[in-house]
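User: I would like to go through this structure term by term, with each label set against its definition. Please begin with the terms for secondary structure.

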Amino acid sequence: MSKVLRAILLLAVVLGVVSNGYAAGKQEKAKTDEPVYIALTAPITGDYAEYGNNFKRSVEMAIDKINASGGVLGRKLAVLVGDSKGDPKESATLAQKWTSDPKIVAQIGDFTSTCCLAAQPIYDQAGMVQLSPTASHTKFAQGSKWSFSIVGTQAGEQPFIADYAYNKLGFRKIAVIHINNDWGVDTARYFTDNFKKLGGTITAIENYFDGEKDFTAILTKLRASNPDALFMAAMYNDGASISNQRAKLGWNLPVVGPSSLYSEQLLKLGGDSVNNLYTVVSFFADDPKPEIRAYVTEFEKRYGLKPNFHAALAYDAMMLLADAMKRAGSFDRDKIREALQATKDFPGLAGSITFTEKGDAIKQYTRVMVKNNKFELFDKR
Amino acid sequence: MIVQQLINGITQGSIFALLAISFAVIYGVLRLVNFATGATYMMGAFAGWLTVRYISQNIFLAMLAGLCTGWSIGFLIEKVAIKSLRGVARIASLICTIGFSIFMIEIATVIFGAETKAMPSFFNEKAFTLGGATVVWYQLFLIGTAVTILLLLQILIFKTKAGLAIRTVSLDFKTAGLMGINVDRTISLAFSLGGATAGIAGVLGSVYYNIVNPTMGNLQGLKSFSAAVFGGLTSIPGAILGGYLLAIVENFGVQIVSGGYRDIIGFVILVGFLLFRPRGLLGKKTSL
Amino acid sequence: MKKLQKVAITLGILILVSFPYIVPNPYLVRVAIMCGIYMVLASSLNIVIGFTGMFSLGHGAFYGIGAYTSALLALNLHWPFWVTFPLGGVMAALFGVLIGVATLRLRQIFLAFTTLGFGEITRILILNWDSLTRGPMGLPGIPIPTFFGMRFSQVGYYYFILLFTGLVVLFIYRLYHSRIGRAFIAIREDEVAASHMGIHLFGYKTLAFTLSCAIAGLVGAFYAHFARFISADQFGGNESFAILTMVALGGTGSIIGPLLGAAVLIIFPEMFRFLAQFRMVIYGAILIFVIVVKPGGIVGVRGVFEKPVQAIRAKRSHQKGGH
């Protein structure tokens, strides 16, 4: 019996320590000169660390900018960063941590749709804004009135890309390669549906799992279907690998893909092989608009690299949240949600943001292409 | 197309084979699966990347860096974790290798950042076309290097005294000790050798795929483990055969079935072999 | 002394029962629930590894099978939680029997490799079987269980998992001290001797493995209804290794060990969130450190893992002396 005894005692001690910490935390009184806290949930370590760190950089930059111009409603903002490791369980635990902390007024994140969906019931129950910069799962924003996504769903983006491929570029036969996760499946599905609707033919569809590095087998198979162009539903890292290996196979053809391909990393990793790639963007780092110039210059100065689409979205998310708080005139969680829902034509770096009733953003897209190892606007030609 | 898939498979198989050897050398002497192999592969790749980026654009130098890094990591793991745990239940050493794997991946993320790095291509010109399939020089180089390393290892194991010690220890560790073989040193050597092959594989793989990042070894490690079991965990020629066969079967599996089922092929082979022929293709029955 | 024990036990149980009221913080209650889930998972894996001395590297798959079974029955057939929960366990047990029958005749290490492969196959099948599992999209909107018409609140979940963990620990405690448990331990210590004593090796091994899978399946079913969203990546190889790590770190073969290991590996990473990107580096380092210093785990059973070391050391010094 002494073992059971020891077990129970141990547990009690652990719980005691934890609750002690909680009590100590509770004693801090909220001061008026204390900042207003925003939570950021992002994969700082693990497979998606690259994207999570971009979130962190952008949100911190946005907060510094907001605070430099006097904060929101006379108070400074501060961010608490939580590392979800890209693990849905961690994301949900963090959601519980944020929602049970009365200092925190709203949350930005997470990166993947699965993480966002896992955390959703918690935000929904507690009543806190869950503003994801990147979740594009069609079930996400409509799942709760507290959930918002500013990336725009594939249902909005793919008709535009299909039109680009069919009408502007004149492709009739396209082969599709996509990553087998929620995002990739959605992207490929909306693209093929829309492309077929226009009268095009999909010659073959193949998918791969996250973490795959060798695409030669899939590419060889797709090549045999003899398409005019390749549609690549992949993030920029995989996109660069696929292009590299395609070039090694001696298969040269134009490539079309979603906005997630837009990143300097694609050019750096893909080299010559990514030329003749067509995609759309709602954020373009070489845009001459002064606010984008200011953001890009500052980002490069701080972190020594060019911001990509995901970074810009995270920046927009923070700025949008600050704007919603201003419009709400309050830091009340419920009021922030109402103001956010009412967002109309918010001028973001990645296009203006207007939410649908369900909480998805309607975006505008610009056609771009890679030429001479650089992203260029397509329509300027 | 069939020729192309075969060439794809053989190139990929060279990397699998090197990693499978890494598993086999260590499993052979210690009956221990080193789950840090994938992470060692990654560290080797980073060493190669650093060399190419800061020292010289020379693939041989990069491979040397990968070899040294892998060797040191293998040596270190053995010294820190395995030596003190020898004779303890295998689970302790196994958990230790998992700990090392996590540690290396995360420390690489902290040091180098999570962003994927570009590894330059070498010998990327077209060598020849065969039945509609393009072969670049690097593929030939990769296959050639892998085969050379495999031959060198064979010579080391079958023609040298150290190799004799490795073979003896893998037959029976206690008796080998009684016969005057320095078991400690032999196990340490096996670990270092395993690390070194994984390190070189990292450089070769990263040049082939042109990328380096902290998580690049995870799937690679797991798949080559299947390859090693496929060929027979205790046999080095078996591991080589397993590596090549697994990659070729995988590539044809994509061609015939679908890319979605690609990873399953390796594991179905793994489970199938365990159930029906647990010693693998070339494994010896007695040594298991 | 007996009296003191009783007082302490009562006090401990009181604290655990009143925890959600002493600390009405949903975050900490959630961490406690996660602790409970992993305590059960680690304890169940311990039946295989710690008691019987076999290896399983695919425990996450059985956990996932339970979760998916329960979630799919609830979503598609609208069966209540109280029916789907046991069925999750039954389904996991079925797969456990299958794997067990196929591999347990072989040498122990093969169970490890087979379960590793089985885990990956399960994950990939879930991802590819779109029509049933919705593949990579995952299963959102799993219903909240009801108790006499009342939907579970977070505190409800807490009491459920507290009770369940208690029952599992009690079950394992009784098992350990029963005839069956002694047979398991006999197999762990020496298979040949055990079989000469008349212990049916294959039967007992299969029993241990199946029991372990069934418990994992049950807690998987609970997790599905607690998280209300499941996807294949939550039950992959990483999960299996995490559970294995909890058992090894806490103490293989002891009853408290896995409980402690689970609590430490759930609570510590939460406490060290401020370390940001260094958190996982330290996690790896601590893992290595603890295992090197205490190979049997924090509260490992002495007889199991430490004796052989001494024996080997003695042998080694003997060898050195001999040359």
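Analyst: Helices (H or I, at least four residues) and strands (E, at least two) are DSSP runs, numbered from the N terminus, and the expected span of a helix is 1.5 Å times one less than its number of residues. The model is predicted, so local features need pLDDT of at least 70 and side-chain atom pairs count only at pLDDT 80 or more, while totals for chains, interfaces and linings use all residues. Residues are numbered from 1 along each chain as its sequence is written, and chains are lettered from A and ligands numbered from 1 in the order in which they are written.

User: How do you know what span is expected of helix H9 of chain A?

Analyst: Helix H9(A), residues 236-248, has 13 residues, for which 18 Å is expected at 1.5 Å a residue, and its first and last C-alpha atoms lie 18 Å apart, close to that value. H9(A) is followed by Gly250(A), which has a positive phi near 75 degrees.

User: What makes H9(A) largely enclosed by the rest of the structure?

Analyst: A residue is buried if 20 or more other C-beta atoms, placed from the backbone, lie within 10 Å of its own, exposed if 12 or fewer, and partly exposed in between. Of the 13 residues of H9(A), 13 are buried, and therefore the helix is largely enclosed.

User: What does Met318(A) touch, leaving aside residues up to four places away in sequence?

Analyst: Two residues are in contact if their C-beta atoms, placed from the backbone, lie within 7 Å; on that basis Met318(A) touches Val59(A), Ala62(A), Ile63(A) and Ile108(A).

User: Why does the radius of gyration of chain B agree with a compact globule?

Analyst: The radius of gyration is taken over C-alpha atoms, and the globule rule is 2.2 Å times the number of residues to the power 0.38. With 288 residues the rule gives a value near 19 Å, and chain B has 18 Å, which agrees. Chain B has 11 helices and four strands, and 64% of its 288 residues count as buried.
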